[in-house]
Amino acid sequence: MQIRQLETFIRIVDTGSFAAAAQALHATQSTISARMRELEATLGVALFDRSGHRAVLTPRGRALLPRARQMVGLAADVARDIGDARSASGIVRLGVAGLVAMTWLPRLMAALRERFPTVTVQLEIALTTPLVDRLASGELDLAIATGPVQAPRLHCLSLGYDEFVWMAPPAMRLPRHALSPAELAAWPVLGLSEASHHYPVIEQWFSAGRASYQPVVSCSNVRVLADLTMAGLGVSLLPLRSCGKELESGQLRRIDTRPALPPVEFVAVYKRDVLDPLVGAIAELARETSEFPAAGVPPTSSRSPSRPRRAPRRSTS
């Protein structure tokens with residue numbers, strides 16, 4: 001019995017089919033089938049009922065599943081704690097939230113290329129919900145997204161916090177006092193799409209203030225949202241640090257509100273049972289290169305980080 005066979009067994013269960021598992025593991029379907037035949041031959045039992053289109057576990061397969069997860073998880077712990085990820089090569093599928101992509105992602109990629117020069121990165125830029133879904137289905141190895149992400153089989157590493165505040169174009173004559181949700185709702189509101197972390201948070205903020213959240217425009221990109229706001233189309237919730245230049249130049253105006261929205265945490269997320277120590281190493285590298293301040297550190301509108309940066313270690317491989 002091999003760990004790779006158990007990992008393949010788990011991936012078939014999680015993705016629902018041999019074909020999907022093959023795609024997630026960058027293997028051919030015949031290779032996946034061969035691994036399962038070998039595992040079943042070793043155990044002397046059938047693990048899957050192959051009479052239908054989907055991979056359905058037999059009773060013995062269901063009994064194996066939790067133990068297989070334990071064994072794969074233990075192997076992952078050994079690889080992460082003892083193995084040397086710096087000598088790794090291969091492909092890492094990395095999903096990144098839009099705000100990170102438009103700020104410190106180039107810094108992360110430069111550090112990654114220096115430390116792991118033989119690793120190929122496949123980038124996907126998307127909102128948090130689709131990133132986490134693709135991570136859970138095995139289509140991504142690592143995601144940098146807004147948190148918290150709460151799932152028993154996912155591990156989250158905090159990358160810091162960013163403050164989001166309401167902003168408007170100066171031409172919109174909003175009152176100077178701190179606005180309640182009901183007062184702000186009287187103005188055209190621009191918002192991120194429902195797949196974003198912010199949508200339910202903003203919706204709850206308006207609801208708690210006895211107001212309805214009905215954005216006149218929704219989109220999936222923070223940069224586009226800022227451009228639409230500067231164009232005079234409405235008010236929107238935007239990242240304070242990333243819009244520092246626009247605030248200083250007068251293209252945007254900060255709107256005080258009561259209550260204020262809590263800061264947004266960003267996290268690196270990957271599966272707990274991942275075998276490749278490189279994934280955890282890249283998550284740690286994201287923590288090192290993140291420009292978001294840690295909890296309790298007051299954010300600023302400056303583009304300079306609010307906490308000391310640690311220079312990337314040079315690879316010794």
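This is a predicted model: local features need pLDDT of at least 70, side-chain atom pairs count only at pLDDT 80 or more; totals for chains, interfaces and linings use all residues.
Leaving aside its neighbours within four places in sequence, Glu-246 is in contact with Arg-223, Met-230, Gln-251 and Leu-252, where contact means heavy atoms within 4.5 Å. Glu-246 is part of helix 11, residues 244-249. Helices here are DSSP runs of H or I with at least four residues, strands are runs of E with at least two, and both are numbered from the N terminus. Glu-246 counts as buried because its relative accessibility is 11%; the classes are buried under 20% relative accessible area, exposed over 50%, and partly exposed in between, with a 1.4 Å probe and protein chains only.

One of these contacts is polar: the side chains of Glu-246 and Arg-223 meet at 3.4 Å. A polar contact is a pair of N or O atoms within 3.5 Å; within protein, one must be able to donate a hydrogen and the other to accept it, and residues adjacent in sequence count only if both atoms are side-chain atoms.

Residues are numbered from 1 along each chain as its sequence is written, and side-chain values use heavy atoms, with hydrogens and water left out.

Let me turn to helix 10. At its start, a side-chain oxygen of Asn-221 comes to within 2.8 Å of the backbone nitrogen of Arg-223. Which residues of helix 10 are buried? In this helix, residues 222-230, they are Val-222, Leu-225, Ala-226 and Thr-229. They lie on the same side of helix 10, because they cover an arc of only 100 degrees around the axis, the arc being that of the directions from the helix axis to the C-beta atoms. The buried residues of helix 10 pack against strand 7 (164-168), strand 8 (189-192), strand 9 (217-219) and strand 10 (235-239). Just after the helix, Gly-232 adopts a positive phi of about 90 degrees.

Finally, the protein as a whole. It contains 12 helices and 12 strands, and 45% of its 317 residues count as buried. Of the contacts with a separation of 6 or more, 76% are between residues 24 or more positions apart. The accessible surface comes to about 15,100 Å², and carbon and sulfur atoms account for 53% of that surface; accessible areas come from the Shrake-Rupley method with a 1.4 Å probe, and for residues only the protein chains shown count as cover.
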